[in-house]
Amino acid sequence: MPRPADVDSWEEVRAVRVVVADDQAVVREGIVMLLGLLAGVEVVGSARDGEEAVALTAELAPDVVLMDLRMPRCDGVEATRRIRERHPGTEVVVLTTYADDASLFPALRAGARGYLTKDASGEEIVRALRDVTDGRAGLSPNVQRRLLEQLVERGASADRAGPSGGTGPGAERSAAATAAATAGPVVPGADGLTERETEVLVLVADGLSNQEIAGRLGISTATVKTHINNLFAKTGVRDRAQAVRYAYQHGLVRPPGRRVT
């Protein structure tokens, strides 16, 4: 397994503490062994199913759980939901054989911030772990492409529906998508947001990490965290994914992430 190209820089950074969850012993042990060979990662525990993954998260407080989806007792989607609700300081990266919509979207809705298939290289896994701990999405290129396709498909459906495209849940979703795509810029002060909090929210929706936002705005990462905590409280969102959804719904950005001007 080749070492990541920028592994030397990672050796000076605190290792990402990881719990591995997979019901197949051979696969689980193989992943643990692989991660043990890579710089910047410390495996602190392994779980045989979702129940154990949730329990180990409570006990060990890892930075990331590397989560399989198809497991007995408690599957990966339910385990992800419980971990994100009970332990918001722990991120979840899915590592699975399956990349179909029926697996991908429920996992992301449950709170997973990364999604890889088991043909991912060691470099891809480490990069995804780093990305999610830095506040970015850790998605494989195939998953990113599928999400973009889904976004385009929804936009096309909204265009076909038009302003009077029928009634029911499908029409309501299309109308919401059309409104998000055509809305003008939000005036600072919506939900009590300050101008700076609105700026931070836009950059979160653009996919920037806290460190990148700090560099863009010329402020400290601690100040960025304060703004994010404040805007979360004011808008009622619980995490960055919901903040992105809020930004789309209120016209701060347009799919696929272009700022409204």
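The dialogue below goes through one stretch of the chain.

Author: The model is predicted, so local features need pLDDT of at least 70, side-chain atom pairs count only at pLDDT 80 or more, and totals for chains, interfaces and linings use all residues. Residues are numbered from 1 along each chain as its sequence is written, and side-chain values use heavy atoms, with hydrogens and water left out.

Reader: Which residues of helix α5 are buried?

Author: An α-helix has 3.6 residues a turn, so residues three or four places apart point the same way. In α5 (residues 101-110), S103, L104, F105, A107 and A110 are buried. Buried means under 20% relative accessible area, exposed over 50%, and partly exposed in between (1.4 Å probe, protein chains only). Helices (H or I, at least four residues) and strands (E, at least two) are DSSP runs, numbered from the N terminus. After α5 comes G111, with a positive phi near 120 degrees.

Reader: Which residues cover the faces of strand β5?

Author: In a regular strand the side chains alternate between the two faces of the sheet. In β5 (residues 114-117), G114 and L116 lie on one side, Y115 and T117 on the other, and all are buried.

Reader: How many bridges join β4 and β5?

Author: Two strands pair if DSSP finds at least two bridges between them. Strand β4 (residues 91-96) pairs with β5 in the parallel sense over 4 bridges, and V93 stands opposite G114.
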